[in-house]
Amino acid sequence: MTAFLSATVMVTLTGCVTVHGEREVIPAVSKAEAAKALETFTDGYNEANRKLDPAVIAKVETGALNTMNGADLKARRVNNPDGLPDYPELKLTDARFAIPAQAGWPKFFVADTDSNRDENRWLFVFTRNGAAEPWKASYLSILSEDEVPEFALDKDGWAEPVTDGTGLLTDPAKLPTTYTGYLKSGESGEGELFADGYATSGQLEYRKKESRTPKYWTQFADQPAKPPQYVPVALRTKDGGAMAFFAAHHTQRQTMAEGFTINKINDARANALLEGEAKKNLTLVRISQSSVKIPTKADGGQVTFLNRLEGLTAAKGD
């Protein structure tokens, strides 16, 4: 069925009417098609992990999730050139779909699922840029049942996408830039925008500790992950706020102090991805994908990180 895709032909007794997804506000996908997209993703994910093949995962993932998992598969294949034929397959059940009514591209929806990996809920954002493209997973957020926000739904059960920051403490589209600015300066640029936690004050504390030691010092740099490859998305929540998903790039360069050299890198993934020979310097490049809860301006408060996943994508030594 293509009842809710970009171009739908509706035949009536008086003629033919075409609904254009780029102009009309229509559901991004039908629930049946959303379930099929989730099934296709799960099959592709399991095949990619059996073969340890980034090209396979790229067929069902995009954006930050693909950048992270593609590098992970590449690294694991170094030590497992024949793949992992006995890889324990991922199973996603009890899927709940939050499907927004949207105009224009890209379109997206959220699949809130139960995973056989743990007791948490795995929330995937699926997106595509046109009617001829397949749905691909672009973000993953792993939350406890109690942490999953309740999305606002209209009378027909469709979710509400956030197209700007109207009524919210901040515009979700600004989060990649605001967050990386915060990591650089310790300030959000919009007052005390971010609540304390692992992704915020915890990162600053870690960086302060690692910036200079007797054996090495570390420089950190952060860049916002920007469209078209990395598109922040958000849905309104029942309390008037929003849940947003976004990504950022992070670089960490470690330089050994005078008289010290790097004897061993205690990270199997970094060793697998390493280019060059790390003697005095080691540069690690990572990407993070985060989900946050944004309150309304009226309610006040701060942006709270619900989940932050970070993965190594490159390593270079000299």
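The dialogue below goes through confidence, cores, helix packing and backbone geometry in turn.

Q: What confidence does the model carry, and over which residues does pLDDT stay under 50?
A: This is a predicted model, in which local features need pLDDT of at least 70 and side-chain atom pairs count only at pLDDT 80 or more, while totals for chains, interfaces and linings use all residues. Residues are numbered from 1 along each chain as its sequence is written, and side-chain values use heavy atoms, with hydrogens and water left out. The score pLDDT is the predictor's confidence in each residue, from 0 to 100. Here the protein chain averages 91, and 91% of the residues score at least 70. Over residues 1–21 pLDDT stays under 50, and the model has 38 contacts for this stretch beyond four places in sequence, a contact being heavy atoms within 4.5 Å.

Q: Which residues touch the most other members of the largest nonpolar core?
A: In soluble globular proteins, nonpolar side chains tend to be buried together. A nonpolar core is a set of buried Ala, Val, Leu, Ile, Met, Phe, Trp, Tyr and Cys residues joined through side-chain atoms within 4.5 Å, where buried means under 20% relative accessible area, exposed over 50%, and partly exposed in between (1.4 Å probe, protein chains only). The largest core in this model has 50 residues, and Phe41, Phe109, Phe124 and Phe126 touch the most other members. Helix α1 (residues 31–51) gives the largest share of this core, six residues; helices (H or I, at least four residues) and strands (E, at least two) are DSSP runs, numbered from the N terminus. A second, separate core has 18 residues, among them Leu168 and Ile294.

Q: Why does Phe41 count as buried, and which residues does Phe41 touch?
A: Phe41, in helix α1, counts as buried because its relative accessibility is 2%. Leaving out residues up to four places away in sequence, Phe41 touches Val60, Glu61, Leu92, Phe124, Phe126 and Ala137. The C-alpha atoms of Phe41 and Lys136 are separated by 7.1 Å, although these residues are 95 apart along the chain.

Q: At what angle do α4 and α5 pack, and which residues meet?
A: Axes are lines fitted to C-alpha atoms, for helices over the stretch in contact, and angles run from 0 to 180 degrees between N-to-C directions. Helix α4 (residues 175–185) and helix α5 (residues 201–210) pack at about 35 degrees, with their axes 9 Å apart. Tyr179, Tyr182 and Leu183 in α4 meet Ser201, Gln203, Leu204 and Arg207 in α5. In α5, Ser201, Gln203, Arg207 and Glu210 are buried, and the buried residues of this helix pack against α4, β9 (216–224), β11 (242–256) and β14 (304–317).

Q: Which peptide bonds are cis, and where is phi positive in a residue other than glycine?
A: Most residues other than glycine have a negative phi, and most peptide bonds are trans. In this model the bond from Trp105 to Pro106 is cis, with omega near -5 degrees, and Pro106 is found in the loop between β5 (101–102) and β6 (107–115). A cis bond also joins Pro227 and Pro228, with omega about 5 degrees. Phi of Leu52 is near 50 degrees, and this residue is in the loop between α1 and α2 (54–57), where Leu52 is buried at a relative accessible area of 0%. Phi of Asp94 is also near 50 degrees; Asp94 lies in strand β4 (residues 92–98) and is partly exposed, at 45% relative accessibility.
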